[in-house]
Amino acid sequence: MNFEPTETQALIQRAARDFAARVVLPIAAEIDARATIPPAVVRALGELGLMAVNIAPELGGSGAGVVAYALAVQEIARACASIAVTMSVTNMVGEAIARFGTSAQASHYCPALARGDEGLGCFALSEPDAGSDPGAMVTTARRDGAEWVLDGAKQWISGGSAARVLIVWARTGPPETGTKGIACFLVDGNAAGLRVGRPEDKMGLRGSSTVPLEFASCRVPATAMLGSENDGFKIAMMALDGGRIGIGAQAVGIARAALEESVRYAKDRRTFGAPIAEHQAIQWMLADMQTRIDAAHLLSMRAAAMKEAGRPFSREAAIAKLFASEAAIAVCNSAVQIHGGYGYTRDFAAERHLRDARVTTIYEGTSEIQRLVIARSALA
Ligand code: CAA
């Protein structure tokens with residue numbers, strides 16, 4: 001067992017860390033306040049190879065693997081969680097196209113997503129009445145000659161307002177076909193019949209837009225189907241397994257930022273004639289924060305290494321995401337506590353970290369869904 005990153009992994013980690021410190025951190029509070037990410041930052045992520053870390057160089061990616069990807073997400077999230085999720089979803093979409101797409105689909109979309117200069121990738125699975133249970137989706141795809149016609153509504157779509165390409169799931173079979181009668185399609189962000197709704201006014205991750213989408217007779221060519229007609233649900237599940245590694249890494253990054261700022265504050269702030277870092281009450285909080293972060297990091301690295309080795313990793317990804325997201329909330333909550341009244345204001349980043357961390361137990365599968373995946377595996 002080797003806990004040291006390889007040369008390539010360390011290179012990607014350093015590139016992400018330097019970029020985060022130099023470019024992202026100085027504007028992170030502004031990204032949150034203005035609820036927007038400057039397009040130049042997304043382009044720069046593309047130039048660094050961070051929008052397609054685990055995609056082959058022939059398709060414009062870095063070809064650096066899953067562990068490198070998780071390390072990079074963690075570093076970016078440490079500076080700005082909104083940029084980290086933007087990066088994570090685009091990586092997930094690019095990977096799904098590279099893995100399940102035809103060579104024409106992959107060579108059309110992957111290099112553009114990797115460059116980061118023509119919009120993002122987004123993952124249009126959830127619906128107003130089908131989030132945890134995507135098998136209950138009602139968006140339909142009807143075959144009409146050489147085209148498919150999409151009708152329905154999607155909800156909670158990260159990055160949907162700036163999308164270059166959306167993977168859209170729709171029912172091609174009747175409702176009783178459940179998870180089997182579902183296909184997925186590659187839809188261009190400017191397709192006729194696709195309407196992007198008003199961004200949600202969210203508690204956190206405010207820089208990353210989350211939108212509802214409406215499909216009204218949105219026509220796509222038959223060649224837009226990703227994978228085969230009844231494989232859509234499985235493609236979603238496999239893509240989400242990988243996505244959960246990204247969200248675990250994002251949670252670790254947010255938690256690291258919260259701990260580092262708490263340590264700084266605790267050394268500076270004095271009560272009862274001493275820096276609060278000298279009080280055992282604070283030391284115990286810091287110790288628990290560090291322990292949770294290390295455990296979350298190791299779980300997320302294990303899931304990433306297993307995926308990279310080509311081994312089954314659904315359960316490990318669920319464990320990593322469950323633990324890391326819940327740890328991040330606990331760590332960020334302690335960070336606010338350590339900062340006292342100041343932690344409850346926008347003058348310190350602690351409150352932003354708590355708001356940003358909160359969604360990690362919800363998206364890409366709630367904690368309850370991760371527990372379901374883990375329990376099913378334990379009972380199998
Ligand atoms: N890999 C491959 N295949 C899988 C799979 C996996 N991880 N999980 C399930 N499948 C297969 C099953 O083997 C089964 O195949 P067969 O029909 O051949 O037997 C089929 O898929 C159906 O599986 P289930 O019967 O287990 O399906 P289910 O309806 O019970 O659902 C679930 C399982 C795990 C609860 C799933 O519904 C789930 O993950 N729900 C959460 C959805 C989610 O994470 N949504 C997030 C939205 S996207 C997002 O947040 C992105 C963003 O914008 C940031």
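## Buried and exposed residues

A residue is called buried when its relative accessible area is under 20%, exposed when that area is over 50%, and partly exposed in between. The structure described here is a predicted model. Glu364 has a relative accessible area of 12%, and therefore this residue is buried. Glu364 belongs to the loop between helix H10 (350–358) and helix H11. Its phi angle is near 55°, a positive value in a residue other than glycine.

Phe272 also has a positive phi, near 50°, and is likewise a residue other than glycine. This residue lies in the loop between strand S9 (270–271) and strand S10 (274–275). Its relative accessibility is 84%, so Phe272 counts as exposed.

## The surroundings of the ligand

In total, 25 residues surround the ligand, and the closest are Lys180, Lys234, Asp241, Arg244 and Arg376.

Which part of Glu364, side chain or backbone, lies 2.9 Å from an oxygen atom of the ligand? The atom concerned is a backbone N or O atom of Glu364. An N or O atom in the side chain of Lys180 is 2.2 Å from an oxygen atom of the ligand. For Arg244, a polar side-chain atom is found 2.8 Å from a ligand oxygen atom. The ligand taken alone exposes 1100 Å², and the protein buries 73% of that area.

Strand S1 comprises residues 120–124, and five of its five residues are buried. In a regular strand the side chains alternate between the two faces of the sheet. In S1, Leu120, Cys122 and Ala124 point one way, while Gly121 and Phe123 point the other way. The residues on both sides of S1 are buried.

S1 runs parallel to strand S4 (residues 163–171), and five bridges join the two strands. Within this pairing, Leu120 stands opposite Ala163 of S4. S4 also pairs with S5, here in the antiparallel sense and over seven bridges. The bridge partner of Val165 in S5 is Asp188. Nine of the nine residues of S4 are buried, so this strand is largely enclosed by the rest of the structure.

## Gly173 in a loop

Gly173 is located in the loop between S4 and strand S5 (182–188). With a relative accessible area of 18%, Gly173 is below the 20% limit and is therefore buried. Between Gly173 and Ser300 there are 127 residues of separation in sequence, and their C-alpha atoms are 36 Å apart in space.

## Gln9 in helix H1

Gln9 is part of helix H1, which spans residues 7–24. Is this residue buried or exposed? Its relative accessibility is 8%, so Gln9 counts as buried. A polar atom of the Gln9 side chain lies 2.8 Å from the backbone nitrogen of Thr6.

Technical notes:
Residues numbered from 1 in each chain as written. Predicted model: local features only at pLDDT ≥ 70, side-chain atom pairs only at ≥ 80, totals over all residues. Heavy atoms only, no water. Buried < 20%, exposed > 50% of the residue type's maximum accessible area, 1.4 Å probe, protein only. Helix = DSSP H or I, 4+ residues; strand = E, 2+ residues; numbered from the N terminus. Pairing = 2+ DSSP bridges. Near = heavy atom within 4 Å. Polar contact = N/O pair within 3.5 Å; in protein donor to acceptor, adjacent residues only side chain to side chain. Areas by Shrake-Rupley, 256 points an atom, 1.4 Å probe, with all protein chains shown as cover.
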